[in-house]
Amino acid sequence: MDERDVRLLNAIAELETGSPEQLHEATGIPVSTIHYRLSNLREQGIIANDRYEIDLEKLGLGVTVLVEVHADYQGSYEEFADRLLTVEGVTNVYFTMGKTDFIVIARLSSSEMVERLIAEFEQLEGVERTDSTFVISAIEERDALQSYELETLLEELVDD
């Protein structure tokens, strides 16, 4: 996988389309190149079907982590949840009842990224502590590419 593949997959996730013309407008990649690359990404299994769902495991974002966030924050829970969503890799945030205040789901590429994720949470004002769980098998996944900056995707996923 190279930079163009990552840019193309990011555009598919953002635009929610596999239209070569729309992807060309978003990325500047020639339409003929887009056709070729989409075909290759399908053959590799990264693009899973005609709806352009992306197999995150094959892409390289195969580590799913559930994080329980115990918090003491000022303001609304929505504002605090918005701060949790600023951490790259976070795909879902849930406000919960009980001993845990929030449950966060993140899709990452490695255990090093898990360490970075937890360190970023611990630096957020209002986070008292976190408890993390690795997922063994994911039943359904959504919008993970949209949770990353393009620069991070390029850094993490482009083969050197």
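Helices (DSSP runs of H or I, at least four residues) and strands (DSSP runs of E, at least two) are numbered from the N terminus. This is a predicted model, in which local features need pLDDT of at least 70 and side-chain atom pairs count only at pLDDT 80 or more, while totals for chains, interfaces and linings use all residues. Residues are numbered from 1 along each chain as its sequence is written, and side-chain values use heavy atoms, with hydrogens and water left out.

**View 1. Order of helices and strands in the chain.** Seven helices and four strands make up the secondary structure, and along the sequence they follow the pattern α-α-α-α-β-α-β-β-α-β-α. The predictor's confidence in each residue, pLDDT (from 0 to 100), averages 90 over the chain, with 97% of the residues scoring at least 70. Confidence is lowest in α4, at a mean of 84, and highest in strand β2 (residues 90-95), at 96.

**View 2. The buried residues of helix α7.** Buried residues, meaning those under 20% relative accessible area (1.4 Å probe, protein chains only), are Leu150, Thr152, Leu153, Leu154 and Leu157 in helix α7 (residues 150-157). These residues pack against α1 (3-15) and α4 (56-59), where contact means heavy atoms within 4.5 Å.

**View 3. Threonine 64 and its polar contact.** Threonine 64 lies in strand β1 (residues 63-71), and it counts as buried because its relative accessibility is 9%. Its side chain is joined to that of arginine 107 by a polar contact of 3.0 Å, a term for a pair of N or O atoms within 3.5 Å, of which, within protein, one must be able to donate a hydrogen and the other to accept it, with residues adjacent in sequence counting only if both atoms are side-chain atoms.

Definitions and conventions:
Buried means under 20% relative accessible area, exposed over 50%, partly exposed in between (1.4 Å probe, protein chains only).
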